[in-house]
Amino acid sequence: MNCLGGRQLEGLQQQALHTSTPAVAPPCMHQAHRARHHRSRLQPAAALQPSQAGFSQAAAAASKHSRPSVAAAGRSRGRSVVVHAARDFYDTLGVPRTADKKAIKQAYRQKARKFHPDVNKDPGAEDTFKAIGEAYEVLSDDNKRAIYDKFGEAGLKGDAFGGMGGMGGFQSANPMDIFESFFGGGFGGGFGSMGGQDARMRPGENETYELQIDFLDAVFGCKKELEIMHLTGCKTCTSSGVKPGTKPSNCSMCQGTGQLIQAVRTPLGAFQQVTTCNRCEGVGQQFTPCDRCGGDGRERETKRIQLTVPAGIDNGARLRVKGEGNAGRRGAPPGDLIVYIRVKDHAELRREGIDIHSDIEISYVDAILGSLVKVTTVDGPVELKIPPGTQPGTTLLMAKRGVPRLGANNVRGNHNVHVRVSIPKQLSSEERTLIEQLKEQQAKTRVGPFRF
Ligand SMILES: [Zn+2]
Ligand SMILES: [Zn+2]
């Protein structure tokens with residue numbers, strides 16, 4: 001595991017490109033929904049540009065699919081359900097449609113600061129905070145903003161149809177996500193609930209991995225090869241779960257709809273109750289299960305992936321590798337791999353955000369006369385000038401010898417050197433003589449009412 005001190009994200013990007021689109025996976029907006037919520041605020045340098053044609057297609061598909069989903073969400077009362085009504089990202093950020101990038105960024109920063117859940121304890125603050133993040137994510141990206149202006153939010157949902165035809169979209173272009181590292185954490189995973197999830201397309205579970213890295217690897221970034229275990233699509237049945245050579249038929253109980261509709265009479269009137277078909281679990285099909293996976297459409301595999309850890313990452317940060325979690329059942333989209341970063345301590349250096357702290361001890365003579373000392377920094381040993389007359393407890397600042405800021409590596413923190421002055425407990429007779437002479441010297445120069 002050698003670290004190349006990378007700022008590149010390419011390795012990971014290539015890694016997470018999905019070429020194996022499960023044969024049975026129908027395009028589904030939930031994938032879009034998910035991808036949208038989880039897409040990073042940190043964009044890798046290169047984003048694939050899907051063709052214009054691809055977008056219109058995707059946009060059309062999205063609008064076609066969005067209706068059943070909202071209906072489904074409305075159905076499942078009692079669960080927490082997020083139904084996204086049409087929102088206006090410009091309104092969310094409080095900027096005019098003509099706002100330039102700078103104005104958008106400024107508005108985002110202001111609002112994000114105001115509504116960050118660590119700061120703002122109002123009940124709606126976290127939702128607002130997320131909404132601001134989503135709006136910014138779109139409006140700060142020229143491509144996404146253009147699509148949004150043209151097609152609205154539905155156009156953007158289209159991008160997560162990335163799996164279609166293996167053409168890729170934003171989803172594969174942007175496999176890695178860093179969250180919580182920006183504001184030091186505080187709000188946990190579940191962005192948006194998956195209310196009204198179509199049973200057929202419930203995505204696979206996320207998989208987690210704890211990665212311990214060296215102090216300097218966290219400072220400058222590195223590449224790591226991880227061996228992960230996850231569920232992948234079954235090769236025998238190509239993820240369908242259906243035994244090869246047999247064909248699924250419509251579920252006899254629900255006639256292939258996956259839902260059972262019952263009229264329920266209550267004192268308040270008659271209601272139609274829609275439940276998931278319990279025979280086919282909402283899939284709408286009956287089939288002979290594949291021998292290898294038992295109809296699940298998945299099997300376990302061990303896989304090696306390249307992970308690019310960005311410079312400036314800190315202990316406790318999480319990296320999201322899109323699509324490297326567990327495959328969904330029967331060809332449903334995969335979950336993500338969440339990599340928890342643990343940073344090992346350094347023997348001499350301590351980190352506070354992007355600043356580094358360390359201690360040095362100098363002799364009292366050096367403190368008085370000044371000197372040049374070698375200090376360990378993240379860049380290696382560096383000579384530091386101790387000015388004459390340095391007091392014990394002084395902090396000397398080495399500008400820009402700190403940690404590159406995550407996502408803005410041209411900005412670096414400082415290195416604070418805390419100076420301790422050692423006073424000898426034992427003196428050689430020679431030293432003693434010299435110091436006594438010094439004392440006499442001082443006594444002579446001292447001026448006071450008691451001397452003549
Ligand atoms: Zn059924
Ligand atoms: Zn199988």
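## Contacts along the chain

Of the contacts between residues at least 6 apart in sequence, 72% join residues at least 24 apart. Two residues are in contact if their C-beta atoms, placed from the backbone, lie within 7 Å. The model is predicted: local features need pLDDT of at least 70, side-chain atom pairs count only at pLDDT 80 or more, and totals for chains, interfaces and linings use all residues. Residues are numbered from 1 along each chain as its sequence is written, while chains are lettered from A and ligands numbered from 1 in the order in which they are written.

The chain holds 12 helices and 18 strands. These are DSSP runs numbered from the N terminus (helices: H or I, at least four residues; strands: E, at least two). Of the 452 residues, 32% count as buried. Buried means that 20 or more other C-beta atoms lie within 10 Å of the residue's own C-beta, again placed from the backbone.

## Confidence

pLDDT is the predictor's confidence in each residue, from 0 to 100. The chain averages 75, and 69% of the residues score at least 70. Over residues 1-85, pLDDT stays under 50. Residues 158-197 also stay under 50. Where pLDDT is low, the predicted coordinates should not be read in detail.

## Nonpolar cores

A nonpolar core is a set of buried Ala, Val, Leu, Ile, Met, Phe, Trp, Tyr and Cys residues joined through C-beta atoms within 7 Å. The largest has 20 residues; I213, V219, V309, I313, L319, V339 and I341 touch the most other members. At least two residues each come from α10 (215-220), β8 (298-309), β9 (318-321) and β10 (337-343). β10 gives the most, with four residues. Domain 1 (10-231 + 304-342) and domain 2 (350-442) both contribute, so this core lies between them. The domain bounds come from an automatic or database domain assignment.

Leaving aside residues up to four places away in sequence, I341 touches L211, I213, I313, N315, G316, A317, R318 and L319. A second, separate core has 16 residues, including I104, Y108, Y136 and Y148.

## Helix α6

Helix α6 covers residues 125-139. Its expected span is 1.5 Å times one less than its number of residues. For 15 residues that gives 21 Å, and the end C-alpha atoms are 21 Å apart, which agrees. Buried residues in α6 are F129, I132, G133, E134, A135, Y136, V138 and L139.

Strands β16 (residues 404-405) and β17 (residues 408-412) pair in the antiparallel sense over two bridges. Pairing requires at least two DSSP bridges between the strands. R405 stands opposite A408 in β17. Two residues lie between the strands, and G407 takes a positive phi near 85°.

Notes
Buried ≥ 20, exposed ≤ 12 C-beta atoms within 10 Å, placed from the backbone.
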